[in-house]
Amino acid sequence: MNKLFLAPMLSALSFGVMSATLPKDLNWQTNWDEPLFASEDAKFGGTYRTYVNSFPQTLRSVGPDANSGFRGWFADDVPNLVSLHPDTLEWIPDLANEWAFGSDNKTVYFKLNPKAQWSDGKPVTADDFVFMLKFYRSKDIVAPWYNDYYTKVIGDVVKYDDHTLAFISATEKNQEDLLYTLGSLTPRPAHFYANPSKDENGDGIDDNFVRKYNFKSEPTTFAYYLDKVKKGKSVTFKHVGEDWWGYSNSYYKNRYNVEKVRFTVIRDADIAMKHFEKGKLDSFGLIMPTLWHDKSQSAPYQKGYINKFWGYNQYPEGAGGLWLNTAKPMLGDINVRKGITLASDFDGMIEKLTRGDYVRKPNPLGVGRGEYDLTDVEAPTFEPEKAVEYFVKAGFGKVGEDGIRINDKGQRLSFAITYSFPTHTPRMSYLKEQAKLAGLEYTLNLVDGSSAFKYILNKKHEVAFLTMGTAEVPAYWEYFHSFNANKPQPNNHTNYSSPELDELIMAFKGEFDLDKKRALSRQIQSKVIDASVIVPGYMVPYTREGHWRWMQYPESPMTKRSASLFPSSFSPGLGVFWLDEDMKKATQKAMKSGKTFDPVIAVDDRYKL
């Protein structure tokens, strides 16, 4: 972008009065041709009742303690500028009806839906995005990650008129990367936060932001807004109404159909399940094998009052399994790592402990990202005899009295697995017992919750069991570039790097041609797999839920990106279900009279891998 063009844009940002001149040669794009995925049979109304196991420490979407609780309802799953269609994965309009790319490989222009409104009835305008940048850069929100991201990644925002604006990336990117980064941005309500008397540093944000907005309801562009809060007891979201602006966008048609969503605090999952089976909750997650196979066989299921649903998805899975810290003694030897890979019996663990329900991850760096992923790979099988061959190459030719291999220095082939959930202990114990067949010892290091991730970030682990999140475009620099090796905090959990890998990663970051970028991604994955630094674990590419029969959904309920069928505290989901009040009354009447229905187990396996 030339300096003459940049100057008026910065002026518009700084003063919020002058508008920059919109380029005349922009190629505006839109897409209203993708298939709809909700049902014409959907009915509006009713209250969906579910639970949360603890009351959140805050109802803010940013700042201290905001990364848990109901963040998805306030920030992560509200309308973006543009979004990916959950089946075709093509870009579709969301808050913006049209978009265009600048010639500088940094800028994307957007035309907002003029009908877009905040839940308090105020219009959504470009000013809300201008304010968004000030908001996330403000020290008053006490959110260093946001301060950094919205300075180093998001370069600028420019207003042209009330409904036309541009976002500028801080670095050059190809068009797909730009839409992922800039198209996912969401506004903040400038009119709601305006309070000059409490803004002594003049950044537009209340100096006491964290405390003032800890449990205060902020206007939203989403279909639901925070309605009632009973601290420690419940949180209720209410629908904006059938005149919600989102219904002017055809992709929202027949979605988000219930009038209210109420979360009741029930701290024990077993108690919550009993509430569900008594009809006090409308659905309950049955992902865990014991829940699906054993604990959902009671009378309400057998009499057809509660139905079961199993739906597969193809959600992107990040890198995951056993991360081997190559900076630790012995793990820097590739023969040791190759032996560990063959001595870790994930397939047996899946078969014996998850009833064969879970799926082995074929690629340790993840799946579900299209041509970015190396697909002609298979997860290593459990071969203890072959693992021994690699251990012998690494110098572990002797076996101690306890069956664990040792080398000439007297070092035992023993490593601790760090993990964070007690429910995973039986699974890690299985890996431990099977590894002994190759003379490998695993000790179990359970570090609870967020402390485990901090432990791993500080590179204290030898072996870490965890799965990382991912975007549609994978990230490699933070995981495998030498800049991040042997340093606390960065996500290089293996501390592995190589000059050749560094070169590929930097080429990937700077490549504009999508075919070349995807080819580089596959090369990087091949190099990492060859290094044997992550033993591929398992994934759960489906949702399993129990629900009362009055909860209805489309004939084809799942999409590739359906994480669940019904909402949770983490995410409202796609909102394609509805509540049939007539069927609810009929079911309650049938229960009183003793009438039963045929048991129902519905399976949508269209996206089964």
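Helices here are DSSP runs of H or I with at least four residues, strands are runs of E with at least two, and both are numbered from the N terminus.

Before going on, some ground rules. This is a predicted model, in which local features need pLDDT of at least 70, side-chain atom pairs count only at pLDDT 80 or more, and totals for chains, interfaces and linings use all residues. Residues are numbered from 1 along each chain as its sequence is written, and side-chain values use heavy atoms, with hydrogens and water left out.

Let me stay with α13, residues 384-393. Which of its residues are buried? They are P384, A387 and F391, where buried means under 20% relative accessible area, exposed means over 50%, and partly exposed lies in between, with a 1.4 Å probe and protein chains only. Seen down the axis of α13, the buried residues fall within an arc of 50 degrees, so they line one face of the helix. That arc is taken from the directions running from the helix axis to the C-beta atoms. On the other side of α13, E385, E389 and K393 are exposed.

What covers the buried residues of α13? The cover includes α11 and the strand β16, residues 405-406.

Now α11 itself, residues 334-343. Two packed helices are described by the angle between their axes and the distance between the axes. The axes of α11 and α13 come within 8 Å and cross at roughly 165 degrees. Axes are lines fitted to C-alpha atoms, for helices over the stretch in contact, and angles run from 0 to 180 degrees between N-to-C directions. That makes α11 roughly antiparallel to α13; angles under 35 degrees count as roughly parallel, over 145 as roughly antiparallel, 65 to 115 as roughly perpendicular, and the rest as oblique. The crossing is left-handed, a term for the near helix being turned anticlockwise from the far one by less than a right angle, with clockwise being right-handed.

In the contact, meaning heavy atoms within 4.5 Å, residues of α11 including V336, I340 and A343 meet residues of α13, among them A387, Y390 and F391. By class, this contact has eight nonpolar, two polar and three charged residues. Ala, Val, Leu, Ile, Met, Phe, Trp, Tyr, Cys and Pro count as nonpolar, Asp, Glu, Lys and Arg as charged, and the others, Gly among them, as polar.

S532 sits in the loop between α18 (514-531) and β20 (534-536). At 9% relative accessibility, S532 counts as buried. Leaving aside residues up to four places away in sequence, S532 touches L324, R337, K338 and T341.

That brings us to α18 and its partner α17. The two pack at an angle of about 155 degrees, with their axes 9 Å apart. That makes α17 roughly antiparallel to α18, and α17 passes α18 in a left-handed crossing. By class, their contact has eight nonpolar, two polar and four charged residues.

Last, two loop residues. Is N495 buried or exposed? N495 lies in the loop between α16 (477-480) and α17 (499-510), and at 7% relative accessibility it counts as buried. N495 has a positive phi of about 55 degrees although it is not a glycine. V142, in the loop between α3 (126-137) and α4 (144-152), has a phi near 50 degrees. At 46% relative accessibility, V142 counts as partly exposed.
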